[in-house]
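Here is a short walk through one protein model, written for someone who likes to look at residues one by one. Keep the viewer open and follow along.

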Amino acid sequence: MGLYLLDYGAGNVQSLANSLTSLGHSFTWISSPDDFQHATSLVFPGVGAFETAVQHLASRGLLQPLREYILSGKPYFGVCIGMQVLFQSSSESSSEGLGIIPCPIERLDDTDKAVPHMGWNTADLACPEDPEQVADSAYYYFVHSYCAKYDPHKYPDAAQWAYTTTQYGQELFISSVRKANVFGTQFHPEKSGAAGLRLIDAWLRKPESAHTSSPGAISAHASSSPRVLIPKSEHRLTKRIVACMDVRANDDGDLVVTKGDQYDVREKTPTSTASTVAATTGGAVRNLGKPVALASQYYLAGADELCLLNITSFRHSPLRDQPMIAVVRTAAERVFVPLTIGGGIKDTVDPDGTKHPALEVAGAYFRAGADKVSIGSEAVLAVEKMLASEKNEGDGTSAIETIAYAYGRQAVVVSVDPRRVYVDPETYDGPYKGELIRGRPDSKVIEERGKAWWYQCTVSGGRESRPLSVVQLAKGVERLGAGELLVNSIDRDGTGLGFDLDLIRLVKSSVRIPVVASSGAGTAEHFCQVFKETGVEAALAAGIFHRGEVGIKDVKKCLNDNEIRVRLG
């Protein structure tokens, strides 16, 4: 079988390649325009921004051969941008699409929901009597800001293509298309766990003749009118549970997963030598397991996403830190849910003077199998620079801006590390009085009662405070192009007292992008609490998972029992 995989030159296409390999399917990469003539089946796993994808295809001479291949009637499977490129155009871009489907790609409305649409949602069959590929109402992973709106009145011909639809907020969009030889999904089956792998395998194992059509068949209009579907009372996007692994080199140079309280990751040195083991490990980097093994374990346990944060000080530069890139590459071969990588995603200079922009660093991790990159201290500095500028806007050079432009804002996570600054609520008249939080008299944390504070941003793992509030940072990185916020709490980290609900609510109310709550979880009930009381899209934990104090399955059972929508199984 002549199965070919199209890599347009940007984005994480390695994940789809890993899925094909794990399912036992061999393939060849499209490397030149002539390869389209040899392909008898083609998969285009487009990840990133519409304009970048079209421009890369055009510059490599692949855009027109791609269109000719699709119109030839040979089997085509497009994922995300691989589906969107079939449409006429996108409001994300000035570039034109292939125009095979007569409908534009438009931005999701963020007035009633966070955008990007990020997480696990259902794909509902537009024609339930024709369940050939997608399992009706199964959960698949979405991460996008733009979509093909399902509007049979405005775009009746495009609605004919709709194989499944998905609801987010009160919007219905086309989540997969199928006609003649063409099949495409807005969601990422390669990141949708077992359900996604089954979908890919089912399409590939069918004989090519089952997907092949006569040339021009896809342009023929169906005779019946498209169904008019009405949005339900609520969408079925689930809350996400993220397992995070802080990865650090130990004193022997091996990468291990570690965890500390307030960023101290070394074992305590004992005051006496009564314990031989304690005396041996005292002062050493805390070792909670190997990163790839733990990533695999959490994937099998049902984690919705995984996060690997490199907290090692780079000896040379991120691009020379080959062990971490190898960890990402190996983990991506074993886990089929989204993978976020953080640590060193910034402009760097090698000892020999070679410069590496943040975009190049991010690209190396995307090619290794990462789906998102997390930016920390560099985001704080970028917002400070933006606020100090005359136009009060970014100049296009920050890591957030360059990566979001090339890969889409959904690929950029900003990790914030705020610390409480306590003030006298009766006399404070500083610049952050509008952001003050007042401790509740009945707070379970006695130290908070009667106190008032604002949240100050820090850099360098909390070691340096900056003259910037968490609200300024959150709004600033959203303007620069971040697609998601990971909100840590230096005050709650490692305490087991629960998430800092005041902090999470403050950030969530300040932005229209998804927010991930982090730091402080000690029980499964803490996850229920943060979802019910703040409305965040995801919650993250590390130490309680590593130490086995709370399991991912325990968390999901608690959420399900409390009628909080979550992906089970």
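## Surface and overall build

The chain exposes about 22700 Å², and carbon and sulfur atoms supply 49% of that area; accessible areas come from the Shrake-Rupley method with a 1.4 Å probe, and for residues only the protein chains shown count as cover. Of its 569 residues, 59% count as buried, where buried means under 20% relative accessible area, exposed over 50%, and partly exposed in between (1.4 Å probe, protein chains only).

The chain has 19 helices and 28 strands. These are DSSP runs numbered from the N terminus: helices are H or I with at least four residues, strands are E with at least two. Among the contacts with a separation of 6 or more, 73% are between residues 24 or more positions apart; a contact means heavy atoms within 4.5 Å.

Residues are numbered from 1 along each chain as its sequence is written, and side-chain values use heavy atoms, with hydrogens and water left out.

The mean pLDDT of the chain is 89, and 89% of its residues reach 70 or more; pLDDT is the predictor's confidence in each residue, from 0 to 100. Over residues 272-282 the pLDDT is below 50, and this stretch has seven contacts in the model beyond near neighbours in sequence. Where pLDDT is low, the predicted coordinates should not be read in detail.

## The annotated active site

Which residues does the UniProt annotation "active site" cover? The unreviewed entry lists Cys80, His188, Glu190, Asp246 and Asp417; UniProt positions are given in the numbering used here, feature names are shortened, and annotations may be inferred rather than shown by experiment. Of these residues, Cys80, His188 and Glu190 are included in the lining of the largest cavity. On a 1 Å grid over the protein atoms alone, a cavity is a set of points where a 1.4 Å probe fits but cannot get out, and lining residues have an atom within 4 Å of a point.

Cys80 lies in strand β4 (residues 76-80) and counts as buried because its relative accessibility is 4%. Beyond four places in sequence, Cys80 is in contact with Gly46, Thr185, Gln186, Phe187 and His188. Asp417 sits in the loop between β21 (412-416) and β22 (418-423), and is buried at 16% relative accessible area.

## Two buried strand residues

Asn121, in strand β7 (residues 117-122), has a relative accessible area of 0%, so it is buried. Its side chain makes a polar contact of 3.2 Å with that of His117; a polar contact is a pair of N or O atoms within 3.5 Å, where within protein one must be able to donate a hydrogen and the other to accept it, and residues adjacent in sequence count only if both atoms are side-chain atoms. A polar atom of the Asn121 side chain also lies 3.5 Å from the backbone nitrogen of Leu237.

Phe87 belongs to strand β5 (residues 87-90) and is buried, at 0%. Phe87 and Cys103 are 16 residues apart in sequence and 5.8 Å apart in space, C-alpha to C-alpha.

Notes: This is a predicted model: local features need pLDDT of at least 70, side-chain atom pairs count only at pLDDT 80 or more; totals for chains, interfaces and linings use all residues. On a 1 Å grid over the protein atoms alone, a cavity is a set of points where a 1.4 Å probe fits but cannot get out, and a pocket is an open set with protein on both sides within 12 Å along at least five of seven lines; lining residues have an atom within 4 Å of a point.
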